[in-house]
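Welcome, and thanks for taking a look at this one with us. Here is a friendly tour to read alongside the sequence and the fold.

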Amino acid sequence: MIIFAVLSGIIVLALAAMLVFVVLGDLKSSLRTRTFMWESRADVVIVLGAPLENDQPGRLLMSRLELAVDLRKRKTAPVMILCGAPTQDSRVSEAQAMAKWLVAHGVPEMALRLEEGSRNTYENIANAKHIMDISAFSTAIVCTNSFHMMRALYACRRVGLTARAASARAPSLKLHLFGLAYEIGAWIKLILRMR
């Protein structure tokens, strides 16, 4: 019984530490974006995928796309790399859905590069870097939600890509809290894979 209580305590402490880690990363990402994003220039903006709803951008993805359009208007980067494969319940890739939405909102199709082979954050970044290497691009701004940015920038470091952050706000507190919870699980999975 004592061993069970000790193990339960350790698990609770580990989860609390992970929550603090993710929340602090979220705050750091939000503050960094507000301070530096608008003065940054890069070769590309990398927009990371998120779930679709009926083959259209979902609310989280929409927040990223709205930020990408704002970055485009500010002439932050001439090219956007849109990341995301088709999910099991969609007929189009996340990248295709993003491209359709962006073109409808005034972004020229020739400014878009689609990366449709990735199914997770690491693959998003690794495949986007490959597109950048082929096109001789060297600088990037990663566009995702604030709760996701720390893991996205970690993936950038793993593939040797120096990138700036452009964090979109989640469209609701419920989605933000869901995103934070998801990130805790994603970090635990990442840590367990490293062993």
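What follows is a short briefing, grouped by topic.

This is a predicted model, in which local features need pLDDT of at least 70, side-chain atom pairs count only at pLDDT 80 or more, and totals for chains, interfaces and linings use all residues. Residues are numbered from 1 along each chain as its sequence is written, and side-chain values use heavy atoms, with hydrogens and water left out.

**Overall layout**

- The protein has six helices and seven strands; helices (H or I, at least four residues) and strands (E, at least two) are DSSP runs, numbered from the N terminus.
- Reading from the N terminus, the order of elements is α-β-β-β-α-β-α-β-α-β-α-β-α.
- Of the 195 residues in the protein, 48% are buried; buried means under 20% relative accessible area, exposed over 50%, and partly exposed in between, using a 1.4 Å probe and protein chains only.
- Among contacts with a separation of 6 or more, 71% are between residues 24 or more positions apart, where contact means heavy atoms within 4.5 Å.

- β1 runs parallel to β6 and is joined to β6 by four bridges; two strands pair if DSSP finds at least two bridges between them.
- Along that pairing, V44 has A140 of β6 as its bridge partner, and V47 has C143 of β6.
- β1 also pairs with β4 in the parallel sense, over four bridges, and V45 stands opposite M80 in β4.
- β6 and β7 run parallel too, joined by six bridges, and V142 has A165 in β7 as its bridge partner.
- Why is strand β6 (residues 140-145) largely enclosed by the rest of the structure? Six of its six residues are buried, so β6 is largely enclosed.

**Helix α3**

- Helix α3 (residues 94-104) has E94, A95, A97, M98, A99, W101 and L102 as buried residues.
- The cover over the buried residues of α3 includes β1, β2, β3, α2, β4 (79-83) and β5 (112-115).
- Just after α3, G106 takes a positive phi of about 95°.

- D55 sits in the loop between β2 (52-53) and β3 (56-57), and its phi is positive, about 65°, although D55 is not a glycine.
- D55 is buried, at a relative accessible area of 13%, and its side chain reaches the backbone nitrogen of R91 at 2.9 Å. That is a polar contact: a pair of N or O atoms within 3.5 Å, where within protein one must be able to donate a hydrogen and the other to accept it, and residues adjacent in sequence count only if both atoms are side-chain atoms.
- Apart from neighbours within four places in sequence, D55 is in contact with S90, R91, V92 and A97.
- L161 belongs to the loop between α5 (146-159) and β7 (163-168), and it counts as buried at 7% relative accessibility.
- Leaving aside neighbours within four places in sequence, the contacts of L161 are I46, I125, K129, M132, S138, A140 and C156.
- The C-alpha atoms of L161 and I125 are separated by 8.4 Å, with the two residues 36 residues apart along the chain.

**The largest pocket**

- The largest pocket has a volume of about 930 Å³.
- Of the 34 residues lining the largest pocket, R119, N120, T121, R151 and Y182 are the closest to its centre.
- A pocket here is an open set of points on a 1 Å grid over the protein atoms alone, where a 1.4 Å probe fits, with protein on both sides within 12 Å along at least five of seven lines; lining residues have an atom within 4 Å of a point.
- Grid points are joined across faces, edges and corners, and a volume is the space filled by probe spheres set on the points.
- α2 (59-73), α4 (121-135), α5 and α6 (173-194) each supply at least two lining residues, and α6 gives the largest share, ten residues.
- The lining divides into 15 nonpolar, ten polar and nine charged residues; Ala, Val, Leu, Ile, Met, Phe, Trp, Tyr, Cys and Pro count as nonpolar, Asp, Glu, Lys and Arg as charged, and the others, Gly among them, as polar.
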